[in-house]
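Please look over the sequence and the structure before reading on.

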Amino acid sequence: MLQYTGGTTGVPKGAMLTHANLSANIEQMRCVFEKAQPGDERMLCVLPFFHVFAMTVGQNLSIILGAEMVLQPRFELKELLEVIGRKKVTLFPGVPTIYTAINNSPLTADYDLSSINLCLSGGAPLPVEVKESFEKLTGCILAEGYGLTETSPVAAVNPLDSSRRAGSIGRLVPGTRARFVSIEDRTTEVGKGEKGELLLHGPQVMKGYWKREDATADSLTADGYLHTGDVGYQDDDGFIYLVDRIKDLILCSGYNVYPRVIEEAIYLNEAVDEAIVI
């Protein structure tokens, strides 16, 4: 499959995802969702299937679990709340903006969302405030995951239980390895707990970019590790924390300033619903 990705700059590149990449990532997801009951789950599918996150966690995971797919052609808040209550949705993959909209809407109090058991957030960093508010509102587990188009896409997920950690993208999914390297030379490994660029290796990592040998060589190392372009570190328990994209780094008076750190601080103000730092 050619899954196109361009980020915010440049001409989109076709990530070559093999059948082995896609099937491996689904088996990894089945391990993550080990508490899901095959044949008994109802998956809310509001994210578009042409996006790699929705394709894997919404469509393909539903198929392997034998879950009913509750399809929503677009995100309309009132319709979404109504269908969750009516269809008794149990699984709800989404993006932070959707969870934020549910948190902040006066309509939410009129609907029963208690059927939801597990939610997986992807596509963008999940603010701690949004996560905690949604869990308090629904009583479900909202875990942040992480991935890229080039990793089919899921590479790390927070445990779907009480051991999950706010602000972390969680632990690597089964069969995946990581290392952190210097932002300056992109080669030298940094020490445990030190910030560096995250590199990933696993059965879900793409074959390369379609007809873009230059971009492939720049992204994949000789031993098959993928440069993610994300800066972070891993703690002693295996939890990974990302601070931001390398390209988003702000150099201010000699300090490295990461937008996400500032955003998390702004979210501490109860008067703020959403924030973005550029």
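Helices and strands are DSSP runs, helices of at least four residues and strands of at least two, numbered from the N terminus. The model is predicted.

**Backbone features**

On that numbering, K211 is found in the loop between β11 (208–209) and α6 (213–219). R186 lies in the loop between β9 (177–181) and β10 (196–201). Neither residue is a glycine, and phi is positive in R186 and in K211. The table lists the values.

| Residue | Phi | Relative accessible area |
|---|---|---|
| R186 | near 60 degrees | 30% |
| K211 | near 55 degrees | 70% |

K211 counts as exposed because its relative accessible area of 70% is over the 50% cut-off. R186, at 30%, is partly exposed.

Another loop, between β6 (141–147) and β7 (154–157), holds P153. The peptide bond that joins S152 to P153 is cis, with omega near 0 degrees.

**Second largest pocket**

The second largest pocket has a volume of about 230 Å³. Its lining has 14 residues, and those closest to the pocket centre are C31, V32, N158, P159 and L160. Two elements, α1 (19–32) and β8 (171–172), each give two or more residues to this lining. By class, the lining residues are 9 nonpolar, 4 charged and 1 polar.

**Nonpolar patch**

F49, I63, M69 and L71 make a nonpolar surface patch of about 360 Å². M69 is placed in strand β4 (residues 68–71). Its relative accessible area is 32%, so M69 is partly exposed.

Key:
Residues are numbered from 1 along each chain as its sequence is written. This is a predicted model: local features need pLDDT of at least 70, side-chain atom pairs count only at pLDDT 80 or more; totals for chains, interfaces and linings use all residues. Side-chain values use heavy atoms; hydrogens and water are left out. On a 1 Å grid over the protein atoms alone, a cavity is a set of points where a 1.4 Å probe fits but cannot get out, and a pocket is an open set with protein on both sides within 12 Å along at least five of seven lines; lining residues have an atom within 4 Å of a point. Grid points are joined across faces, edges and corners, and a volume is the space filled by probe spheres set on the points. Ala, Val, Leu, Ile, Met, Phe, Trp, Tyr, Cys and Pro count as nonpolar, Asp, Glu, Lys and Arg as charged, and the others, Gly among them, as polar. Patches are made of residues with over 30% relative accessible area and no salt bridge: like charges are joined within 9 Å, nonpolar side chains (Val, Leu, Ile, Met, Phe, Trp, Tyr) within 5 Å. Accessible areas come from the Shrake-Rupley method with a 1.4 Å probe; for residues, only the protein chains shown count as cover. A salt bridge is a side-chain nitrogen of Lys or Arg within 4 Å of a carboxyl oxygen of Asp or Glu. Buried means under 20% relative accessible area, exposed over 50%, partly exposed in between (1.4 Å probe, protein chains only).
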